Amino acid sequence: MTIPLWYKNAVFYQIYVRAYKDDLGTGFGNIRGLSSKIGYLKELGVDCIWLMPIYPSPLRDDGYDISDFCNVNPQFGTLEDFQALVKSVHENGIRIIMDLVINHTSDEHPWFKIARSDKNSPYREYYVWSDSADRYRDARIIFLDTEESNWTWDTEAGQYYWHRFYSSQPDLNYDNPAVRQEILKVMKFWLDMDVDGFRVDAVPYLFEREGTNCENLSETHDFLKEMRHFLEENYQDRILLCEANQWPEDVRDYFGDGDEFHMAFHFPLMPRIFMALKQHDFSPIQWALQKTPNIPKNSQWCIFLRNHDELTLEMVTESERQWMWDAYAPDPKMRINLGIRRRLAPLLGNNKDLIGLANSLLFTLPGSPVIYYGDEIGMGDNIDLQDRNGVRTPMQWDATPGAGFSTAEILYAPIISDAPFSPEFVNVKDEQNNEYSLWQIIHKMILARKQHPVFGSGSFRLINCGKPAVFCFERSGLEEKFLLINNLSPEGQKVKVLLESDCQRLIDVLSGMSFPLHQQELTFHLEGYQFLWLKME
């Protein structure tokens, strides 16, 4: 069934297949394992799952280094397994989008192997080569911790090749029409398998031009319009989600006139939610929202608290970055590149009330929320693992050996072993059986959000109640209106809110509490980190 703009009211759930469920006893999560958990996802209430890369890959960058765009990594299963997954997902009323990595390939991709070995091959022009490493000097190095240059010398090719990420991920040459056609073929391959769209990785870096920083170039937008046109012409109800870690005014361009991406992540908002929570002051969130331009009516922001990468601090000032590091990552092992490699629960001190408050913001601010697997139960991380692997540990389903993830003795990564985040303390089974658990809180939020479309498409208006620690705002739609009150402080707060004269009663849709109104000004006595979702009647 076609549902126009379905993505505006959707709750997305990001899954790292390798970490989710091993159904074969190999120590690696796989597609069959994920299929066995579709009932869980349906019960949680998610509308769309986003799969991190499942393609064949040497896994030097957890699958974002792709060696075959049109197949499944044998560790995860087969194409038949994937088709069965898509069928099961749809039968349960859930949609599914995949990562589409279009900026680069693995250096083990057949295209690159041929390109480096044969200068006269057409595949040579699939990549960006140079006799000198002095070109495009204005382009920043993204992985500062590991890469010294965006150019790497290839002895076999006798030239340098260009890469914006790891040197094992050579960038594709989008000035070559053949490359652009290859990407459309990849899209067609998976769309014909009935996937509901793509989260498109590393979008700003497709083209290179001398004298620029090689980001957000107009040529990139020309190709993205071509991608969107291909989608609209051939497939209904599918979406493109943009990953562009840029300022809102730059990301705005990736919506075009409603003819590029349907959705885009709001990167600058995310760190400012954490600033506001630590400072007990909503002004960082207010600043980010004020900097956010209007977008086309058929477009939507995606908002998130954490994901598979570091908590990026690229979209903050140097002083703000240092403050965030001091506040949230005092141990240098918690830091990577320009960010923090920690999960949500450890970042927020494993404080259930504070984690609930953060999710209250996630589900009620303008945009569609994305939950990272395991954050719904408050999973921890392992900062002793290399790179960003510490936030990609096995899902903890129960308290048995192997955490219900796998029966294998050796796993792709160790399960969190220390209190208070080991499976004895944090697992799905116990969370679902405890009516006061974090899982139950988030489950209730998801259900409430699904019942009230105003959160996905309504307008936003800040209400200043005179206290920096109390973030109060209104979400309004054609048929309903909500007052959202969030106490960002651990201390109790007394606030007065002036309401519209036609509102006769407020009902908290999470608790069922009712507030009859006898006057326009209402006084609230808020406990520490308390939040209210008040429907105006």
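By class, the lining of the largest cavity has six nonpolar, one polar and two charged residues. In this scheme Ala, Val, Leu, Ile, Met, Phe, Trp, Tyr, Cys and Pro count as nonpolar, Asp, Glu, Lys and Arg as charged, and the others, Gly among them, as polar.

Before continuing, a word on the source: this is a predicted model, in which local features need pLDDT of at least 70 and side-chain atom pairs count only at pLDDT 80 or more, while totals for chains, interfaces and linings use all residues. Residues are numbered from 1 along each chain as its sequence is written, and side-chain values use heavy atoms, with hydrogens and water left out.

Let me return to the cavity. A cavity here is a set of points, on a 1 Å grid over the protein atoms alone, where a 1.4 Å probe fits but cannot get out; lining residues have an atom within 4 Å of a point. Grid points are joined across faces, edges and corners, and the volume is the space filled by probe spheres set on the points. A search of the whole structure finds one cavity of 30 Å³ or more, and the volume of the largest cavity is about 40 Å³. Its lining consists of Leu 305, Arg 306, Leu 344, Asn 359, Leu 362, Val 370, Ile 371, Tyr 372 and Asp 375. Two or more of these residues come from each of helix H13 (352-364) and strand E14 (368-372). Helices (H or I, at least four residues) and strands (E, at least two) are DSSP runs, numbered from the N terminus. Strand E14 gives the most to the lining, with three residues.

I turn next to helix H4, residues 79-91. This helix has 13 residues and reaches 18 Å from its first C-alpha to its last, close to the 18 Å expected at 1.5 Å a residue; the expected span is 1.5 Å times one less than the number of residues. Which residues of H4 are buried? They are Leu 79, Asp 81, Phe 82, Leu 85, Val 86, Ser 88 and Val 89. Buried means under 20% relative accessible area, exposed over 50%, and partly exposed in between, with a 1.4 Å probe and protein chains only. The buried residues of H4 pack against helices H2 (31-35), H3 (38-44) and H6 (177-191), and against strands E2 (48-51) and E3 (95-101). After H4 comes Gly 93, with a positive phi near 75 degrees.

Asp 194 has a phi of about 80 degrees and sits in the loop between H6 and strand E7 (197-201). Asp 194 is partly exposed, at 36% relative accessible area. Asn 337 has a phi of about 50 degrees and, at 11% relative accessibility, counts as buried. The loop that holds Asn 337 runs between strands E12 (335-336) and E13 (339-340).

Those two strands belong to an open sheet of three, in the order E11-E13-E12, with antiparallel pairing. Strand E11 (311-312) and E12 are the edge strands, each pairing on one side only. Two strands pair if DSSP finds at least two bridges between them, and E11 and E13 are joined by two. Leu 311 has Ile 340 in E13 as its bridge partner.

Strand E21 (residues 521-526) has Leu 522, Phe 524 and Leu 526 on its covered face, and Glu 521, Thr 523 and His 525 on its uncovered one.

Finally, some loop residues. Val 128, between helix H5 (110-117) and strand E4 (129-130), is buried at 6% relative accessible area. Val 128 and Trp 162 are 34 residues apart in sequence, yet 5.5 Å apart in space, C-alpha to C-alpha. Beyond four places in sequence, the contacts of Val 128 (heavy atoms within 4.5 Å) include Tyr 136, Trp 151, Trp 162 and Asn 173. Asn 173 lies in the loop between strand E6 (159-162) and H6, and is buried at 11%. The peptide bond from Ala 419 to Pro 420 is cis, with omega near 5 degrees; Pro 420 is in the loop between E14 and helix H14 (428-433).

How values were computed. 1 Å grid on protein atoms, 1.4 Å probe; cavity = no way out; pocket = protein on both sides within 12 Å on 5 of 7 lines; lining within 4 Å.
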